[in-house]
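Please look over the sequence and the model shown below before reading on. The report that follows takes up the parts of the structure one by one.

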Amino acid sequence: TNASESAVTKTLSDYLEHRSTHWCTISYWELTHRVGRQYNATSDAVDVFADYAHGSGLSIGSLPNEKRSEAVRRVREHVGKGIQFSFEDDGIWVYNRSEYPVFVQSPTIDYVARAKLPAVRRLS
């Protein structure tokens, strides 16, 4: 077991001992502005997608933003089925269900990776 795996296991086991009503909080951002309220995940998997035709979870298509730029509108057209956050026995996983890469920033991943600054990661 390497140091990163040990950190994930310790973090996950610590979390499981103190698990409250939700295990994940999701914020949706467009450029430098958070759009909508934070979404608390309570089931073992949560989907984030473009519109409700792709399931239940957080639909970014339903989030209004009066200042949405044309560039953001074009990017949102490619979200499709989006991503899934899954709470599993061996950790928390993120699955890209879209046909295009998505970008995720997570304090948990930064902690495990021992990143000095917050990082945005590409999921293909």
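Is aspartate 47 buried or exposed? With a relative accessible area of 13%, aspartate 47 is buried, because buried means under 20% relative accessible area. This value, like every other in the report, is computed from a predicted model.

## Overall make-up

The protein contains 3 helices and 8 strands, and, read from the N terminus on, its elements follow the order α-β-β-β-β-α-β-β-β-α-β. Of its 124 residues, 28% count as buried. The accessible surface comes to about 8800 Å², and carbon and sulfur atoms account for 53% of that surface.

Among the contacts between residues at least 6 apart in sequence, 37% join residues that are at least 24 apart.

## The nonpolar core

The largest nonpolar core has 18 residues, and those with the most contacts inside this core are Trp23, Ile26, Val48 and Phe85. At least two residues of the core come from each of the following: strand E1 (24-30), strand E2 (33-41), strand E3 (45-49), strand E5 (83-88) and strand E7 (102-105).

## Aspartate 47 and its partner

Aspartate 47 is found in strand E3, and, leaving aside neighbours within four places in sequence, aspartate 47 is in contact with Ser56, Gly57, Leu58, Ile83, Gln84 and Arg97. Because aspartate 47 lies in strand E3 and arginine 97 in the loop between strand E6 (91-96) and E7, the pair ties together parts that are 50 residues apart in sequence. Whereas aspartate 47 is buried, arginine 97 is partly exposed, with a relative accessible area of 32%.

## A salt-bridge network

The count of salt bridges comes to 5. In one of them the side chains of arginine 68 and glutamate 30 meet, with a distance of 2.9 Å from N to O. This pair links distant parts of the chain, for arginine 68 is in the loop between strand E4 (57-59) and helix H2 (70-76), while glutamate 30 is in strand E1, 38 residues apart. Arginine 68 and glutamate 30 are buried.

Glutamate 30 also forms a salt bridge with arginine 76, where the closest N and O atoms are 3.0 Å apart. Since glutamate 30 lies in strand E1 and arginine 76 in helix H2, this pair ties together parts that are 46 residues apart in sequence. Both glutamate 30 and arginine 76 are buried. Through salt bridges that share partners, Glu30, Arg68 and Arg76 are joined into one network.

## Strand E7 and its neighbour

In a regular strand the side chains alternate between the two faces of the sheet. E7 has a covered face with Val102 and Val104, and an uncovered face with Phe103 and Gln105. E7 is joined by 4 bridges to strand E8 (residues 120-123), and the two strands run antiparallel. Within this pairing, valine 102 has leucine 123 in E8 as its bridge partner.

## Residues in the loops

Serine 43 has its place in the loop between E2 and E3, and at 39% relative accessibility serine 43 counts as partly exposed. The side chain of serine 43 reaches the backbone oxygen of alanine 45 at 2.7 Å. Although serine 43 and serine 86 are 43 residues apart in sequence, their C-alpha atoms are 8.8 Å apart in space.

Leucine 31, in the loop between E1 and E2, has a phi near 55°, which is a positive value in a residue other than glycine. Arginine 114, in the loop between helix H3 (107-112) and E8, has a positive phi of about 55° although arginine 114 is not a glycine. Leucine 31 counts as exposed at 69% relative accessibility, and arginine 114 counts as exposed at 63%.

Technical notes: Residues numbered from 1 in each chain as written. Predicted model: local features only at pLDDT ≥ 70, side-chain atom pairs only at ≥ 80, totals over all residues. Heavy atoms only, no water. Core = buried A, V, L, I, M, F, W, Y, C linked by side-chain atoms within 4.5 Å. Buried < 20%, exposed > 50% of the residue type's maximum accessible area, 1.4 Å probe, protein only. Contact = heavy atoms within 4.5 Å. Polar contact = N/O pair within 3.5 Å; in protein donor to acceptor, adjacent residues only side chain to side chain. Pairing = 2+ DSSP bridges. Areas by Shrake-Rupley, 256 points an atom, 1.4 Å probe, with all protein chains shown as cover. Salt bridge = Lys/Arg side-chain N within 4 Å of Asp/Glu carboxyl O.
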